[in-house]
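Please look at the sequence and the structure shown here.

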Amino acid sequence: MSTSTNAIEALVNREYKWGFVTEIEQDVAPPGLNEDTIRLISSKKNEPEWLLEWRLKAYRHWLTIKEPTWHNVHYPPIDYQGISYYAAPKKKELQSLDEVDPELLRTYEKLGIPLEEQKMLTGVAVDAVFDSVSVATTFKEKLAELGIIFCSFSEAAQEHQELVRKYLGSVVPYTDNFFATLNSAVFTDGSFCYIPKGVRCPMELSTYFRINAASTGQFERTLIVAEPGSHVSYLEGCTAPMRDENQLHAAVVELIAHDDARIKYSTIQNWYPGDKDGKGGIYNFVTKRGKCLGRNSHISWTQVETGSAITWKYPSCMLIGDNSVGEFYSVALTNNYQQADTGTKMIHVGKNTRSTIVSKGISAGHGQNTYRGGVKILKNATGARNYTQCDSLLIGDKCGAHTFPYIEVKNSTARMEHEASTSKIGDDQIFYCNQRGITKEDAVNLIVNGFCKEVFRELPMEFAVEAQKLLSVSLEGSVG
Amino acid sequence: MGPNGSGKSTLAQVLAGRETYEVTRGEVLYEGKNLLEMAPEERACEGVFMAFQYPVEIPGVSSAQFLKAALNAIRRARGLEELDAMEFLALVKQKFKVLGVDEKLLHRSVNEGFSGGEKKRNEIFQMALLEPRLCILDETDSGLDIDALKIVASGVNGLRSPGRAILVITHYQRLLNYIIPDYVHVLVDGRIVRSGGKELALELEEKGYALIEGGAGAAAPGRR
């Protein structure tokens, strides 16, 4: 084997840097899923009756449907009765950060998100989700002055019932797909965000999710509503501790943009990918969708997916309002035995709607990376345009890249562009870098970052830096 | 100098540390150290630079990023402070001026879409920037028109100094009109069969390699 392949492998094989388990007493529901489990979750959350009913409807529907098999990912059957659907840190009434369990705060520090420091230095409001219950919410007052609501989903379900009731399931109905339906039945927490008319959110909103309790699937639910003329940028970043059992994760994110509103949703996903032999790792089945409901509305998804054993995720846009714009920028990296089947759907309903898709897939080790895209131009979408660019980069000779672009055009005025490329990091490129003093690892990072730069420049500044670091960590051991 | 297949490029690649070549025995001493025990990037940091016969394209990586990574790696190895973006730009611009390179180069991907002449000129530019102590130019003149050849030669001449060795590999005497060599060595079948001053190159031009090769066997008794 050539040296550069060895170096790539060495890079890929570094241990998961953020693998640790926080020892905090957890309030865990016994494993199993039935109507009682759902009633338990709902009562733990003090939810209104209508929400419990909605969950139960979803559960009953879920019982009638089958897990999908069309995807290009393979995993052993998931035992849905072997999962515990609720885990919360032992309840305490918190007046300030001082009362937060110091162990928990240390966890955040290890993750590089000391709350106090973030408060002071970055101006980023953090709604931190520790397993299923939000433990700390900052900057709320400042946002409240502008009429912005940014809180945990549980809180919203109690305090902002009318909004939640109006929009929950309006983008991703509880019947949508197997995993979204499961989420609708058992979701435990997540974030809710509401930006009133004409308000530009003055800071990036962010949530850090973390899966912690052993064998507890996490089912977040996020709902963002942007009223006419409002703007919001939302960041979501995740890491998870190392463990052996596979953990199921099935989140749902719904975005609604009214006239002239703009939502930017950025994700860095770095859950435990499993070890170098493919043992363990998170199963990540996520349904993310945005509705550009209003004229000139704009929804932009940016994702950097480096973690999870399985990533199954298609952040999509329904472009309903005339002149609305949907964007999807993605970097997905699979290393070792990771599998990713990810992409987007752009559904053009309104006139002069535009969409842009830029997908960068990186495969190393035995990783399998699939881009799956659906662009639909419906009958009345006169003047619709789509541009799709789909690039794959292979590192080593045991990985794979796959592309499934679906294009369906029902209006003859549509303009579609599709570009695709596949390339491989060559030994000659690595040697060229080496000869200029650059190590193999740095050479791979340089090339990978260059490959991804069109996506990184869509990320908020601090996220872009983090994303670059993450890619290099995720590729550790991949160069051999 | 030497005929096709005599091992000139192999020598260059082995010195630079290309891993597709296996060195079965011997050592290469460079400033008292055995080069063969070092990884290619360590050799580069020790001051070994090879201008590639076929410079490699690295799509997506801007020349600016690439050069900065290289320069700082070498500076680190030499115990110098790394340059930040501003200092780096200032240095690059100064070198650009000397070599007459267009600043737009910085924003282009490494060697991507470069003409043959641009690629070779870029190699010389990198050499000027990284300030190596042993420069190996592997057929840098091949494929160049006369104007590009002059530019490359003047770049090389500008780098000549007592503290820097330059090994120029070429087929043609033409380059040596512009880069006047101190010594000419003729490599045949992996061995130096003749050494001399610049007039040796002229002799080769006139008589061709065949003549020298004919006498080589006798001149080198150790040969297989």
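## Confidence along chain A

In this predicted model, the elements of chain A range in mean pLDDT from 41 for helix α5 (residues 115–122) of chain A, the lowest, to 98 for strand β16 (residues 316–319) of chain A, the highest. For chain A the mean pLDDT is 83, with 78% of its residues at 70 or more.

One covers residues 1–13 of chain A and has 66 contacts in the model beyond near neighbours in sequence. The other covers residues 116–124 of chain A, where 16 such contacts are found.

## Make-up of chain A

Chain A contains twelve helices and 24 strands. It has 480 residues, and 64% of them count as buried.

Among the contacts in chain A with a separation of 6 or more, 85% are between residues 24 or more positions apart.

## A helix pair in chain B

In chain B, helix α3 (residues 63–77) and helix α5 (residues 116–130) have axes that come within 10 Å and cross at roughly 35 degrees. This crossing of α3(B) and α5(B) is right-handed.

On the α3(B) side the contact is made by B:F66, B:L67, B:A70, B:L71 and B:I74, which meet B:F125, B:Q126, B:L129 and B:L130 of α5(B). Of the residues in this contact, eight are nonpolar, one is polar and none is charged.

Methods
Residues are numbered from 1 along each chain as its sequence is written. Chains are lettered from A and ligands numbered from 1 in the order in which they are written. This is a predicted model: local features need pLDDT of at least 70, side-chain atom pairs count only at pLDDT 80 or more; totals for chains, interfaces and linings use all residues. Side-chain values use heavy atoms; hydrogens and water are left out. pLDDT is the predictor's confidence in each residue, from 0 to 100. Helices (H or I, at least four residues) and strands (E, at least two) are DSSP runs, numbered from the N terminus. Contact means heavy atoms within 4.5 Å. Axes are lines fitted to C-alpha atoms, for helices over the stretch in contact, and angles run from 0 to 180 degrees between N-to-C directions. A crossing is left-handed if the near helix is turned anticlockwise from the far one by less than a right angle, and right-handed if clockwise. Ala, Val, Leu, Ile, Met, Phe, Trp, Tyr, Cys and Pro count as nonpolar, Asp, Glu, Lys and Arg as charged, and the others, Gly among them, as polar. Buried means under 20% relative accessible area, exposed over 50%, partly exposed in between (1.4 Å probe, protein chains only).
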